[in-house]
Each structure stands twice: as structure tokens, then as C-alpha cells.
Amino acid sequence: IGESSVSSVTLFSYQKGVLFSLEGSHKRTRRQATKQEAHRFWIDSLVDKVVIIIQGAIWAFTIRNPTGSTQSSALNHGPLAEIQSIGGIYRVLLSSPVHTGEWTLMLHSKGNYTVHIQGQSTLDFLHYFAVQVDGRHPGLLKMDSSPTEGVPVYLVVTATGLSQ
């Protein structure tokens, strides 16, 4: 009691096309023109240690924080992040303290790619579905399965890691 644990939270996840095929890479593909795409994600005050993983056909990218500051993928150690890359995989570790608010990731892609953004937070949620029971011990009974259509259920949510 009184202790808090840190959980990994997904802030954003996106996949454009299929990166890998079971058929292998023996097929020839047509070269695609570079497209600029913007992805927005939010970071709140309970999240820190934010990591962005970008994988695929990316030519370059820029991150912008809520104050308008930017950093391009050409700058490995910049004001917003430390960027590591190997092959077609980028790992972007946002610098602490992470600004809260809306961030933008602008990608210049040449094809398919994935973006996965994770952080750490003391906030966590536990949830389950329950049905109301009457009788000797009235209250809510946790369901072991998904809700059934037409049967009234409750969604019980418990938040842990909040200071208030």
C-alpha cells in the first residue's frame, strides 16, 4: 500500500501497408515517390521516458513538441531527442522533462512503415465486466466472458497510480 509501480503505455501506433511478406522479397516492386505524412500524439504529465520506434521505408522525419520546437532525423543529439538508427529502424528517445501536450511526427516515406510510441507511467487501469446480483450477497459479480447482447452489464474500472 502506498507504493507505485511504473507501467509501459502505448501512446500511438500506426502501420502503413505490410512491411514483411511470407512470400519473401523476391518480387520486384515499383519505386514509390516520397510522401510527407504527419502523425499527432498526446503526452500528458503522468508520462515520461517516451520512446518512438519507426521502421520501414522512411527517407527522413521531423518531430515537433507542443512549444513548436523541432528536430530532424539528421540531428542525432538535439534539443528534443536522442536518435539512433540502424538499417531501416529508428529509435527516438525524447529528452526529459518531456513537454506535455500535442506532439507531431512528420515522416517522409518511400513506402510502407510502422510507428510505435511508448512511454512509462505510474497510472494504470484494471477493468472487467460485471452483472448485478441480488439475494443473500447483493452486488456485482465479475463475468468470466465477454458481455452477451441484451444482458445488462457494468464496466468496472479501477485506476491506480493517481495522487488524488
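This is a predicted model: local features need pLDDT of at least 70, side-chain atom pairs count only at pLDDT 80 or more; totals for chains, interfaces and linings use all residues.
1. The loop between β6 (89-94) and β7 is the place of P97, where strands, like helices, are DSSP runs numbered from the N terminus (E, at least two residues, for a strand; H or I, at least four, for a helix). The peptide bond that joins S96 and P97 is cis, with omega at about -5°.

2. Residues are numbered from 1 along each chain as its sequence is written, and side-chain values use heavy atoms, with hydrogens and water left out.

3. As for the overall make-up, the chain holds 10 strands and 0 helices, so that reading from the N terminus gives β-β-β-β-β-β-β-β-β-β. Of its 164 residues, 28% count as buried, a word that here means under 20% relative accessible area, with exposed meaning over 50% and partly exposed lying in between (1.4 Å probe, protein chains only).

4. V133 has G139 of β9 as its bridge partner. In general, strands of a sheet pair through backbone hydrogen bonds, either parallel or antiparallel.

5. On the surface, F125, F129, L155 and V157 form a nonpolar patch with about 380 Å² of accessible area together. Such patches are made of residues with over 30% relative accessible area and no salt bridge, nonpolar side chains (Val, Leu, Ile, Met, Phe, Trp, Tyr) being joined within 5 Å and like charges within 9 Å; the areas come from the Shrake-Rupley method with a 1.4 Å probe, and for residues only the protein chains shown count as cover. At least two residues of the patch are supplied by each of β8 (124-133) and β10 (154-160). F125, found in strand β8, counts as partly exposed because its relative accessibility is 48%.

6. What joins the side chains of E37 and K16? They meet in a salt bridge, at 3.0 Å from N to O, the term requiring a side-chain nitrogen of Lys or Arg within 4 Å of a carboxyl oxygen of Asp or Glu. The pair links distant parts of the chain, with E37 in strand β2 (residues 35-43) and K16 in strand β1 (residues 7-16), 21 residues apart. By this rule the count comes to 1 salt bridge, and both E37 and K16 are buried.

7. N112 belongs to strand β7 (residues 101-121) and is partly exposed, since its relative accessible area is 29%. The side chain of N112 reaches the backbone oxygen of V18 at 3.0 Å, whereas the C-alpha atoms of N112 and Q55, which lie 57 residues apart along the chain, are separated by 8.7 Å.

8. Although K49 is not a glycine, its phi is positive, at about 50°.

Terms used
A polar contact is a pair of N or O atoms within 3.5 Å; within protein, one must be able to donate a hydrogen and the other to accept it, and residues adjacent in sequence count only if both atoms are side-chain atoms. Two strands pair if DSSP finds at least two bridges between them.
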